[in-house]
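Biologist: Can you walk me through this one? I'd like to ask questions as we go.

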Amino acid sequence: MTVESATSGVDMIDLTKEDFRHGFPHEVFTVLREQAPVWRHPDTPGTDELGGSFWVVSSNDAVKEVSANHATFRSFEGPSIPDWPEQARGMMVITMDPPEHTRLRRLVTSGFTARMTAMLEDQARAWAIKIIDRALDKGECNFVEDVAYQLPMHMIADMMGIPEPDRAPLFGATLAAIEAQAAKLPKEEQLAAMGKLFAYSHELADRKRRSPGDDVWTKLVNAVVELPDGTSTQLTELELELFFQTLVIAGSETTRDATVSGLLALLENPQQMELLRSDPSVIGTAVEEIARWASPVAYFRRTAATDTVLQGAHIAAGDRVTLWYPSANRDARVFKDPFRFDITRNPNPHVAFGGHGAHHCLGANLARREMRVMFQELIARTSAIELLGEPVYRPGGIHIMTSYGIKDLPVRLIPR
């Protein structure tokens with residue numbers, strides 16, 4: 001949709017026609033925030049394959065209100081607009097609500113032992129230096145694949161105890177699975193791509209049972225889960241498969257996308273790049289602004305558990321409600337001059353890691369750490385970074401939550 005057509009009002013909006021190939025459609029969501037921050041998407045030809053109509057929540061305060069109320073807005077049916085397969089519902093952290101969600105989330109956090117937490121900063125910096133030096137040796141590179149993709153891949157693999165030789169093929173299969181879904185390839189091809197992740201999760205689980213380590217996957221494979229009736233059990237193979245999928249994808253894709261968007265914003269705003277180079281103390285607010293600006297997750301979906309009213313909109317039990325984080329992070333009621341990239345912005349109450357409810361991003365602190373270290377080392381090890389071409393975005397649409405990440409960003413890194 002063009003800016004001209006969007007400004008004619010919400011009646012002209014059909015999100016199913018947005019392909020996100022040039023980034024997030026901010027002009028469309030500006031209209032929604034101003035005219036209908038809680039808006040029911042009408043039935044259109046494009047909503048048929050999504051399961052029908054749904055609610056679009058676009059303002060910052062409304063996104064936070066829904067996020068904080070898991071009793072009214074549940075996660076069971078999945079985070080995408082189309083319902084997830086029945087076997088995945090209520091089986092993953094992102095398709096659970098308290099108290100089940102709380103118990104399983106605690107399992108993951110318990111895998112971050114004191115020794116592991118203490119190692120994270122040194123590990124991240126060592127990897128960042130190695131990754132950037134390799135890119136400097138190449139000179140010209142695709143920043144997505146050669147730099148931004150590498151750090152979160154190695155960090156999540158370190159924490160899960162994935163051997164280094166396994167990482168490139170495993171995360172290559174992860175990317176293939178994501179792209180198969182984004183491109184709406186036939187279901188058989190999507191399942192085949194995802195099957196490689198599940199097969200590897202079984203193999204890694206068997207290794208950890210034979211040779212336990214100080215890592216998250218060992219913890220999950222051997223974890224005992226307390227059930228509501230007071231009995232206990234271990235995670236099933238299916239639960240482990242789904243946990244593995246969540247940790248590998250969520251632990252790598254979103255941080256990669258935020259890092260890439262952050263570099264592009266700095267290159268397009270050279271005064272901000274110069275400020276970051278001249279004043280390293282702004283790195284903390286810079287990371288928060290990069291997270292706000294990038295907002296790598298387009299939306300998460302909830303389902304109304306009961307009839308309710310959200311900011312005057314009457315929502316029926318069973319209705320699907322989508323929370324649009326990039327829109328909430330451009331809300332002029334909350335952010336002064338929201339379309340200005342400002343690495344000194346403070347306060348910065350963004351929702352890039354979720355709306356601070358039960359499903360606030362489990363890896364938010366890790367993502368912040370990785371971005372901080374990556375940009376610190378980029379600044380320290382380069383005298384300039386040149387953009388060599390236009391960014392190329394991944395194919396996608398509103399059938400997938402992370403639908404507008406950058407696939408290719410050609411740059412030249414000039415050593416200091």
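Biologist: How many salt bridges does a search of the whole structure find?
Modeller: The search finds 27 salt bridges. Keep in mind that this is a predicted model.

Biologist: Why do such pairs form at all?
Modeller: Side chains of opposite charge can pair when their charged atoms come close.

Biologist: Give me an example. What does Glu77 form a salt bridge with?
Modeller: Its partner is Arg74. The closest N and O atoms are 2.6 Å apart.

Biologist: Is Glu77 buried or exposed?
Modeller: Glu77 is buried, because its relative accessible area is 10% and the cut-off for buried is under 20%. Arg74 has 25% relative accessibility, so Arg74 counts as partly exposed.

Biologist: Which residue pairs with Asp257?
Modeller: Arg394 does, with the closest N and O atoms 3.2 Å apart. This pair links distant parts of the chain, 137 residues apart. Arg394 sits in the loop between strand E12 (392-393) and strand E13 (406-408). Asp257 sits in helix H12 (residues 253-268). Both Arg394 and Asp257 are buried.

Biologist: And what about Arg345, which residue does it bridge to?
Modeller: Arg345 forms a salt bridge with Glu289. The closest N and O atoms there are 3.2 Å apart. Arg345 lies in the loop between helix H15 (325-328) and H16, and Glu289 lies in helix H14 (residues 283-294), so the pair ties together parts that are 56 residues apart in sequence.

Biologist: How accessible are Arg345 and Glu289?
Modeller: Arg345 has a relative accessible area of 8%, so it is buried. Glu289 has 0% relative accessibility, so it counts as buried.

Biologist: Which residues do shared partners join into one network?
Modeller: Glu121, Arg125, Asp133, Arg369, Arg372, Glu377 and Arg381. Salt bridges that share partners connect them.

Biologist: New topic, sheets. What is the strand order in the open sheet of 3 strands?
Modeller: The order is E4-E14-E11, and the pairing is antiparallel. Strand E4 (140-142) and strand E11 (382-387) are at the edges. Each has a single partner strand, so one side of each has no neighbour in the sheet. The twist averages 30° from one strand to the next.

Biologist: What holds strands of a sheet together?
Modeller: They pair through backbone hydrogen bonds, either parallel or antiparallel.

Biologist: How many bridges join E11 to E14?
Modeller: There are 5 bridges between E11 and E14 (residues 410-415). Take Leu387: its bridge partner in E14 is Val411.

Biologist: Which helix lies across E11 and E14?
Modeller: That is helix H16 (residues 364-381), which runs at about 105° to E11.

Biologist: How many residues are in the largest nonpolar core?
Modeller: It has 86 residues. Phe143, Trp217, Leu220, Phe244, Leu263, Leu409 and Val411 have the most contacts inside it. H16 gives the most to this core, with 9 residues.

Biologist: What does Leu409 contact, leaving aside its neighbours within four places in sequence?
Modeller: Its contacts include Cys141, Phe143, Leu263, Leu387 and Pro391. There is also a second, separate core of 43 residues. Val10, Ala304, Val321 and Leu323 are among its members.

Biologist: Back to Leu220. Where is it?
Modeller: Leu220 is in helix H10 (residues 216-221). Its relative accessible area is 0%, so Leu220 is buried. Not counting residues up to four places away in sequence, Leu220 touches Leu107, Val108, Leu235, Leu240, Phe243 and Leu247.

Biologist: How far is Leu220 from Ala316 in space?
Modeller: They are 37 Å apart, C-alpha to C-alpha. In sequence, Leu220 and Ala316 are 96 residues apart.

Biologist: Cysteines next. How many disulfides are there?
Modeller: The count comes to 0. Cys141 is buried, with a relative accessible area of 7%. Cys361 is partly exposed, with a relative accessible area of 32%.

Biologist: Last one. Where does Ser53 lie?
Modeller: Ser53 is in the loop between strand E1 (38-41) and strand E2 (54-57). Its relative accessible area is 14%, so Ser53 is buried. Beyond residues up to four places away in sequence, Ser53 touches Arg40, His41, Pro42, Asp43 and Arg320.

Note on methods. Residues are numbered from 1 along each chain as its sequence is written. This is a predicted model: local features need pLDDT of at least 70, side-chain atom pairs count only at pLDDT 80 or more; totals for chains, interfaces and linings use all residues. Side-chain values use heavy atoms; hydrogens and water are left out. Two strands pair if DSSP finds at least two bridges between them. Helices (H or I, at least four residues) and strands (E, at least two) are DSSP runs, numbered from the N terminus. Axes are lines fitted to C-alpha atoms, for helices over the stretch in contact, and angles run from 0 to 180 degrees between N-to-C directions. Contact means heavy atoms within 4.5 Å. A nonpolar core is a set of buried Ala, Val, Leu, Ile, Met, Phe, Trp, Tyr and Cys residues joined through side-chain atoms within 4.5 Å. Buried means under 20% relative accessible area, exposed over 50%, partly exposed in between (1.4 Å probe, protein chains only). A disulfide is a pair of cysteine sulfur atoms within 2.5 Å. A salt bridge is a side-chain nitrogen of Lys or Arg within 4 Å of a carboxyl oxygen of Asp or Glu.
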